[in-house]
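Student: I have a new structure on my screen and would like to learn how to read it. Could you walk me through it?

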Amino acid sequence: MSAVLEIQGLQKTYRSRKGVRKALDGFDMVVEAGQVHGFLGPNGSGKTTTLRTLLGLIKPNGGRMAIFGREVPEALPEVAGSVGAIVESPQFFGNFTAHDTLSLLADAGGVDQGRVFEVLELVGLRDRSKDRVKTYSLGMKQRLAVASALLKNPKLLILDEPANGLDPGGIREMRTLMRTLAESGMTVVLSSHILGEIQLICDSVTIISAGRRVAAGGVADVLAQHQTSSVRVRVESLADLTASAGALREIGAQVVVEADHLMVSGVAQASAITRTLASRGVFVSELAPIAVDLESVFLELTGTAPVDGAHRQVDQSAMAPAVPNGGWGL
Ligand SMILES: Nc1ncnc2c1ncn2[C@@H]1O[C@H](COP(=O)(O)OP(=O)(O)O)[C@@H](O)[C@H]1O
Ligand SMILES: [Mg+2]
C-alpha cells in the first residue's frame, strides 16, 4: 500500500442528552505520499471529527483507518512517532517565548534542542522567537503551533484549519512552507472550510459534505470532472435569440436562454456555434467560454450555494452520494 493515510467507511455518531448526531456517515479518504492534501468541507461537515478519530482522540462507530499501511487505532503507538498533528488550536503560555515553549516541548519529547532553531527558522519565527507568546498575532501563534508539530520531524503532518485567521500574506507563506515540507518528503494533510486556501496550497483534495466524501482527486481533476464547460453567446439582434437557441439545440447543444444572451454547453467546438448561426443568417457578437472554478464545484457538491430568499442553516448541506470509485485499496 503506497497510501500514507487510508480511511474507509468511517462512522461516527455523537450521542448526548439532546439526541443523536451522525457526524460521519461512511466517510472515505486516501492520501498518497509526498502530497499536500486538502481536506475541504463546510463548517460542521465532519473534518475535525475525522482527524480526531484518526489520532485516537475519539472512538469511531465503524469503518477502517490506516496510517503508513498500519491499522489504527491499534497501531497508533508504533506510528505516532512519525505523525505530527494539530487538531484543536493549541493553548500556549502567554508569558513564555516561542523559544521557551518549543524548548520545553523538545525536552518532553526527547527531541534534540538544535531542532528548536530549525523549526523556528522553517516557520519564519526566528526573529521573534525571544518575544512572549502573548504579544503574538494569531498568525504567529499558528506558526508556533505548526513549529511544535514539526519538532519530531514527522513523515505525516496533519493540520486542522491551519490558515484560520491568517491574512493573505500569511496564507501565501503557509503555502510556501507546506511546499517546502512536501519537497522534503513529508506528507501534509490540512483541512479548511475555505476553498481558496486549498486551491492555492494543495496538490489533491478530498471534499466532505455531511459526513460523506463527495469528491476526491487532484485539484485540477476534481475541477475537470465536474466541469460543464459552457459558452456565453450574444448575437447581433436580440430578436434572433429564441430562434438561435432552437438552431443550436438541433445540433445537440444544451441551451439556456437568458435575457440578452444564451448559455450554451455540450458543443465540442465553439466554431460549430458560429457556423450554425451564420447559416441561419444570425451573426455572433460575442462568444465567451465560461470557466468553472473550484468554488462553484465546491458549492454545488456540498449544497452550500446560496439560495435566493433562504437563510442556510448550519446543518443544511447536501447529502450527496459518496464517490463510487476510490476508497480502500486504491
Ligand atoms: N462532541 C460533540 N458532541 C456532539 N456533536 C458534535 C461533537 N463534536 C462535533 N459534533 C457535531 O458533529 C458535526 C461535525 O463536526 P466537526 O467534525 O467539528 O465538523 P468540522 O470540523 O467539519 O467543522 C457537527 O454537526 C458538530 O456539531
Ligand atoms: Mg473543525
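Predicted model: local features only at pLDDT ≥ 70, side-chain atom pairs only at ≥ 80, totals over all residues.

Student: What does the secondary structure of the protein come to?

Tutor: It comes to 11 helices and 14 strands. As for contacts between residues at least 6 apart in sequence, 69% join residues at least 24 apart.

Student: How do I read a sheet?

Tutor: Start with the general idea: strands of a sheet pair through backbone hydrogen bonds, either parallel or antiparallel. Here, an open sheet of four strands runs in the order β12-β13-β11-β14, and its pairing is antiparallel.

Student: Why is one side of β12 and of β14 left without a neighbour in the sheet?

Tutor: β12 (254-257) and β14 (284-290) are at the edges and have a single partner strand each, so one side of each lacks a neighbour there. On average, neighbouring strands of this sheet are turned by 20° against each other, direction ignored.

Student: Which helix packs on the sheet, touching β11, β12 and β13?

Tutor: That is α9 (residues 241-250), whose direction makes about 170° with that of β12. Another helix, α10 (residues 271-279), lies across β11, β13 and β14 and runs at about 155° to β14.

Student: Over how many bridges do β12 and β13 pair?

Tutor: Four, in the antiparallel sense. To find one on your screen, look for V256, whose bridge partner in β13 is M263.

Student: Now to β3. Is this strand enclosed or open, and how would I tell?

Tutor: Count the neighbours: a residue is buried if 20 or more other C-beta atoms lie within 10 Å of its own. In β3 (residues 36-40), five of the five residues are buried, so the strand is largely enclosed by the rest of the structure. V36, G38 and L40 point one way, H37 and F39 the other way, and all are buried.

Student: Which strand pairs with β3 over five bridges?

Tutor: β8 (residues 187-192), in the parallel sense; there, G38 stands opposite L190. β3 also pairs in the parallel sense with β9 (residues 204-209), over four bridges, and H37 stands opposite S204.

Student: How many residues surround ligand 1?

Tutor: There are 13, and the closest are Y14, A23, K47, T48 and T49. β1 (3-16), β2 (19-32) and α1 (47-54) are the elements that give two or more residues to this shell. The largest share, three residues, comes from α1. By class, the shell has two nonpolar, eight polar and three charged residues.

Note on methods: Residues numbered from 1 in each chain as written. Chains lettered and ligands numbered in written order. Near = placed C-beta within 6 Å. Nonpolar A, V, L, I, M, F, W, Y, C, P; charged D, E, K, R; others polar. Contact = placed C-beta atoms within 7 Å. Pairing = 2+ DSSP bridges. Axes fitted to C-alpha atoms, helices over the stretch in contact; angles between N-to-C directions. Buried ≥ 20, exposed ≤ 12 C-beta atoms within 10 Å, placed from the backbone.
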